[in-house]
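This report describes the surroundings of a ligand and a set of charged side-chain pairs.

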Amino acid sequence: MSQSSERAQRYIDRVFETVEQRNPNEKEFHQAVKEIFHSLIPIFEKYPIYMEQNILERIVEPERMISFRIPWVDDEENIRVNRGFRVQFNSAIGPYKGGTRFHSTVNASIIKFLGFEQIFKNALTGQPIGGGKGGSDFDPKEKSNGEIMRFCQSFMNELAKHIGPNTDVPAGDIGVGAREIGYLFGQYKRLKGSYEAGVITGKGIHYGGSLVRKEATGYGLIYFVQEMLKDQGESLDGKTVVVSGSGNVSTYAMEKAIQLGAHVVGCSDSSGYIYDKNGIQLDTVKRIKEVERKRIKEYVKEHTNATYTPGFEGIWNIPCDIALPCSTQNELDEKSAKTLIHNGVQLIGEGANMPSTLRAITTFVENNILFAPAKAANAGGVAVSSLEMAQNSSKISWEFDKVEAQLQSIMQGIYQDCIEASEEYGKRGNLIIGANIAGFLKVADAMISQGVI
Ligand code: NDP
């Protein structure tokens, strides 16, 4: 090891220790920080200014972390209390921007890992947006419409004090779709007494939303995968694809993959997975999940050739060319990675945030499996959110084809940036290193320009 790389390693180790001490028991946050730090040694070797400016210690500390009480009344008139969060992580390149997650597992660690990832993802899109994230440990499953609405209103009663079209712009994530965004926006508007459409993205088309926002993360993931395959002289046509989850990201990843000729044979929800060797019928999945809000196992009642297996992890046993984890963090571990490789997988595309464990990632890299990291591959959602903000501020709506073409071009740009960064730092084709370095440099340079603030 050269002297400069030893110095860089010592710096990284020291800051990582600080992260562990300052954020005890936040294992998801530690994991996200570690994943980025691993990639940065070559930058610090080449440009010591980032160490001299102590960028790492500054970047891992959120500018602001808000935690608040959310009291609400259920249908039986019981008073319930949940906890809400918003992390405003980094505003070096624009207003904080990032989704809102409602899930029973949400805590400070989950919100901080998501917010931290969001900083670099947003930078990669080339749009002027900083990094943020929020949510609550509220579980929307089995709740009535009225309960969801009252919860969203109470959540917004506090959140409204901290957000705004030029300050912090939330969107959806797990458990927060079109219905929840509508209730959140409605309450914000009522509290402010003015129509600030750009305060939240993922809105309905009839009140300021953008066409293609609903499809953007899933479609963007497939455009990114398409670029990777093109570089191998291949395409999606005829590839067998497995997609975990059956929510927003999964559904539209399946849709675009099918449009491009892929054969999608499996998807899941948190209870189990379905396998349909004839190809998943997406209309059925959409009706079950988006309209009826039922479990994915209902699918096999209508498609009797398909099978349902309880336990969502088993989905990675289905042989495929392309695996797209699109549910949640750490859903794909080392054992599943080995099974996928054994069954001949060619490419992994992360639609969810941090879906692969660090050991799973190492296994894929060591076995030369093409790997699209979440930060780059799922950036299409926030990219179109930024286009929604642009439409809101100019009070116009763009047509579907225009937004989709911009999405595709942004995903191609992100792929090129990642490839170039991976080449410059001696790891051609390693998109993990490429994404981390390209994202980091954009934010770090903006931070340095703005002084110690
Ligand atoms: P949805 O709530 O629409 O769908 C989530 C899907 O994952 C559902 O099928 C759900 O099953 C399943 N799931 C959720 N939690 C778990 C869990 N703990 N274990 C197993 N399965 C689970 O969310 P999205 O599609 O919006 O988000 C999916 C992932 O993509 C998340 O990691 C999110 O952060 C990321 N992402 C989302 C973006 C967006 O634009 N929506 C943008 C970028 C990233 P069930 O229905 O049973 O709960």
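In this predicted model, an oxygen atom of the ligand lies 2.5 Å from an N or O atom in the side chain of Ser-270. This is a polar contact, that is, a pair of N or O atoms within 3.5 Å; within protein, one must be able to donate a hydrogen and the other to accept it, and residues adjacent in sequence count only if both atoms are side-chain atoms. The side chain of Asn-353 places an N or O atom 2.8 Å from a ligand oxygen atom, and a polar backbone atom of Asn-248 is 2.9 Å from an oxygen atom of the ligand. Taken alone, the ligand exposes 890 Å², of which the protein buries 87% (Shrake-Rupley method, 1.4 Å probe; for residues, only the protein chains shown count as cover).

Residues are numbered from 1 along each chain as its sequence is written. Because the model is predicted, local features need pLDDT of at least 70 and side-chain atom pairs count only at pLDDT 80 or more, while totals for chains, interfaces and linings use all residues; side-chain values use heavy atoms, with hydrogens and water left out.

The ligand is surrounded by 26 residues, each with a heavy atom within 4 Å of it. The closest are Asp-173, Thr-217, Ser-270, Arg-295 and Asn-353. By class, this shell has 5 nonpolar, 14 polar and 7 charged residues. Because domain 2 (64-194) and domain 3 (216-372) both give residues to the shell, the ligand lies between them; the domain bounds come from an automatic or database domain assignment.

The whole structure holds 29 salt bridges, each a side-chain nitrogen of Lys or Arg within 4 Å of a carboxyl oxygen of Asp or Glu. Side chains of opposite charge can pair when their charged atoms come close. Three of these pairs are tabulated below.

| Pair | N to O distance |
|---|---|
| Lys-27 and Glu-28 | 3.3 Å |
| Arg-287 and Glu-292 | 3.4 Å |
| Arg-359 and Glu-334 | 3.0 Å |

Arg-359 lies in helix α14 (residues 358-366) and Glu-334 in helix α13 (residues 334-342), so their pair ties together parts that are 25 residues apart in sequence; helices are DSSP runs (H or I, at least four residues), numbered from the N terminus. Arg-359 is exposed at 57% relative accessibility, whereas Glu-334 is partly exposed at 24%. Here buried means under 20% relative accessible area, exposed over 50%, and partly exposed in between (1.4 Å probe, protein chains only). Lys-27 is exposed at 60%, but Glu-28 is buried at 12%. A network of salt bridges links Arg-14, Arg-22, Glu-57 and Glu-61.

Methods. Nonpolar A, V, L, I, M, F, W, Y, C, P; charged D, E, K, R; others polar. Helix = DSSP H or I, 4+ residues; strand = E, 2+ residues; numbered from the N terminus.
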